[in-house]
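Colleague: I would like to go through this model and ask what lies behind the words used for it.
Modeller: Go ahead.

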Amino acid sequence: MVDFGGWDMPLHYGSQIEEHHAVRGDCGMFDVSHMCAVDVAGKDAKAFLLRLIANNVDKLKEPGKALYSAMLNETGGVVDDLIVYYVADGQYRIVINAGTAEKDLAWMGARLAEWQYEVACVPRRDLAIIAVQGPNAKARVWQVLPEARSATEPLKPFYSAIVGEYFIATTGYTGETGFEITLPASKTEDFWMKLLAAGVKPIGLGARDTLRLEAGMNLYGQDMDETVSPLDAGLAWTVDLVSPRDFVGKAALLAHPQQKQFLGLLLIDKGVLRAHQKVITSHGDGEITSGTFSPTLQQSIALARLPMAVAIGDQVKVEIRDKLLTAKVVKPCFARNGKALV
Amino acid sequence: MNIPSNLKYTKSHEWVRVEGDGTITVGITDHAQELLGDLVFVELPDVGKELAAEQEAAVVESVKAASDVYAPVAGTVTEVNAAVPDAPEAVNQDAYSAWLFKMKPANIADVDALLDANAYAAAAAE
């Protein structure tokens with residue numbers, strides 16, 4: 001067990017590598033109740049979110065649609081990354097990280113006071129979140145929750161549906177299909193035990209990290225934080241600089257274009273890439289932001305911030321202890337849907 | 001905890017077996033492998049390397065962390081278990097069979113000062 005943003009969480013239940021393979025090959029479940037759902041509701045909810053976050057909630061046309069984005073500060077640094085769900089007109093739900101929840105709520109409260117919008121931001125500490133991920137995840141959830149099938153079977157990725165007390169989204173942090181299910185905390189233990197009985201394996205934080213890294217997904221606090229521009233963290237795709245809309249951090253991003261590339265590394269020599277290791281390229285130095293051993297590739301992988309001139313396919317050196325090991329620059333997405341991509 | 005009574009131990013979770021030829025065999029304890037989780041990388045010292053007591057001798061890395069393995073006593077590395085870097089999971093499966101390296105201690109009496117099984121069990125439980 002480890003402390004994670006104030007929550008006591010298991011790193012692994014048994015073998016971390018077996019947990020990883022279970023999600024890529026069958027399905028597993030994660031208790032991610034540490035993440036905080038915040039209901040943003042009121043007449044000005046949309047106007048508020050349009051200014052608050054870097055992606056454009058105007059893209060959310062159909063109820064249930066979800067959008068990944070970042071909330072920036074005035075200097076363009078990332079306050080947090082989050083998912084916004086469009087529930088209904090004037091009603092959104094955002095899910096924020098555990099370690100940043102209090103800071104985020106204070107930030108949102110301050111912007112609300114400043115902008116004088118009629119919006120309530122209510123953190124839903126009464127809710128828990130269970131993610132069920134893997135090729136067989138949906139079938140197992142429907143086995144336990146048959147009433148959810150008709151509403152959730154037609155959902156494309158990054159949508160959500162409300163089934164009674166369950167808020168079921170086709171989102172995740174593994175690169176596999178599945179659901180993230182928000183439900184009353186009081187119902188969680190029973191739901192977890194039923195999933196367990198249906199053959200869904202519990203997965204700890206350790207495998208959650210190797211799965212998200214293989215999928216090329218960022219981790220807040222590691223791959224980006226308040227000092228890092230989303231453009232330098234591989235998050236340009238979640239930033240809308242096209243529409244005339246203004247949002248916090250936009251002016252800073254326009255004034256400071258991308259400085260670094262956020263790319264993947266595949267270690268060719270034996271060893272394990274880790275955060276903060278120095279990457280030496282023929283165009284200057286870079287830094288690993290997240291690194292691990294990939295159970296799918298049986299090789300070490302990393303996400304790294306590298307000089308702009310580095311190209312995919314280049315060979316670089318990584319300083320590990322007293323050695324310089326060879327790594328190859330790849331697209332920052334290593335495995336998804338059970339398959340290696342590099 | 002699996003702590004064989006015929007071995008010596010260090011507070012940094014190495015086990016030590018005294019061999020008949022005056023060398024010692026060194027590995028990491030079952031408790032250490034459990035703390036580390038699935039091992040994926042092991043780096044062993046060069047044969048012939050002279051080590052001071054408590055000097056970094058090897059590195060074991062699990063998915064979650066890298067950890068140094070220290071020389072239990074001063075001495076010279078005489079042999080390494082080359083099978084382990086090729087299959088680090090052997091240490092998870094049986095930490096007391098999957099030894100890492102052998103040393104010729106500068107002074108074999110130094111080994112007597114290491115922890116016995118009971119003392120290690122107490123230290124590991126802290």
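**Terms and their grounds**

Modeller: This is a predicted model.

Colleague: What makes E15(A) and E18(A) a pair?

Modeller: Two bridges link E15(A) to strand E18 (residues 315–320) of chain A, in the antiparallel sense. The requirement is at least two, so this is a pair as well. Here A:Val279 faces A:Val318 in E18(A).

Colleague: What is the secondary structure of chain A as a whole?

Modeller: Chain A has eight helices and 21 strands.

Colleague: Why is chain A called as compact as a globular protein of its length?

Modeller: Its radius of gyration is 20 Å, and the globule rule gives 20 Å for 342 residues; the two values are close, so the description applies.

Colleague: What share of chain A is buried?

Modeller: The buried share is 45% of the 342 residues. A residue is put in that class if 20 or more other C-beta atoms lie within 10 Å of its own.

Colleague: How many residues of chain B are in contact with chain A?

Modeller: Eight residues of chain B are in contact with 13 residues of chain A. On the chain B side, four are nonpolar, one is polar and three are charged.

Terms used:
Residues are numbered from 1 along each chain as its sequence is written. Chains are lettered from A and ligands numbered from 1 in the order in which they are written. This is a predicted model: local features need pLDDT of at least 70, side-chain atom pairs count only at pLDDT 80 or more; totals for chains, interfaces and linings use all residues. Helices (H or I, at least four residues) and strands (E, at least two) are DSSP runs, numbered from the N terminus. The radius of gyration is taken over C-alpha atoms; the globule rule is 2.2 Å times the number of residues to the power 0.38. A residue is buried if 20 or more other C-beta atoms lie within 10 Å of its own, exposed if 12 or fewer, and partly exposed in between; C-beta atoms are placed from the backbone. Two residues are in contact if their C-beta atoms, placed from the backbone, lie within 7 Å. Ala, Val, Leu, Ile, Met, Phe, Trp, Tyr, Cys and Pro count as nonpolar, Asp, Glu, Lys and Arg as charged, and the others, Gly among them, as polar.
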